[in-house]
Amino acid sequence: MRVLIWIAISSMLLVAALSACGNGETSGNGTTKGVLVVYQQSGGVAGRDDHLTVRRSGEVQLRTLVNTYRCRMGDRRLHRLKRLLTRVDFRPTDEDGQGQGSTADVMDYEITYRGATIAFTSLTIDQREDRAVSLLNKVLTHCERPANA
């Protein structure tokens, strides 16, 4: 009986460990190969929870609470996003990730670029972060509501 329990527990741990590994396509800095930026926004009055992944090729995947969308960024917008991301300071600060409580209209943001992640709220956003968030939100909206829909 102990052997069966041990085998069952070992099997569950092995499955958990393998599922956490993903597909192994990561670069040296821990980011997935081909991914330019990962953007997450959550909160607000509407209770959003959006996860946007932009690949270097311009392919985009948006995962919301109810759907997953795929679209493609145009070359000009992709170039502009890359330029904006290089201007954002991705060094952690004491304020990163510190929300202002659970106020209904506050948005929480997280941007991961080149293996570095910054987190901030709509109350603590700075000008450079705001420009990047504004463009990422345009991509998100375009992907959620394509022009031909």
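I began with the secondary structure of this predicted model. The protein chain has 3 helices and 6 strands. I then read along the sequence and noted the pattern α-β-β-β-β-α-β-β-α.

In what order do the 6 strands of the open sheet lie? I wrote down 4-3-2-1-5-6, with antiparallel pairing. At the edges I found strand 4 (68-72) and strand 6 (116-121), each pairing on one side only. I looked up the twist too: from one strand to the next, it averages 15 degrees.

I turned to the pairing of strand 1 (residues 35-43) with strand 5 (residues 107-113). These two run antiparallel, and 7 bridges join them.

Helix 2 lies across strand 1, strand 2 (48-55) and strand 5, and runs at about 80 degrees to strand 1.

Last, the chain totals. Of the 149 residues in the protein chain, 28% are buried. The chain exposes about 9900 Å². Carbon and sulfur atoms supply 52% of that area. I also looked at contacts between residues at least 6 apart in sequence: 48% of them join residues at least 24 apart.

Terms used:
Residues are numbered from 1 along each chain as its sequence is written. This is a predicted model: local features need pLDDT of at least 70, side-chain atom pairs count only at pLDDT 80 or more; totals for chains, interfaces and linings use all residues. Side-chain values use heavy atoms; hydrogens and water are left out. Helices (H or I, at least four residues) and strands (E, at least two) are DSSP runs, numbered from the N terminus. Buried means under 20% relative accessible area, exposed over 50%, partly exposed in between (1.4 Å probe, protein chains only). Contact means heavy atoms within 4.5 Å. Accessible areas come from the Shrake-Rupley method with a 1.4 Å probe; for residues, only the protein chains shown count as cover. Two strands pair if DSSP finds at least two bridges between them. Axes are lines fitted to C-alpha atoms, for helices over the stretch in contact, and angles run from 0 to 180 degrees between N-to-C directions.
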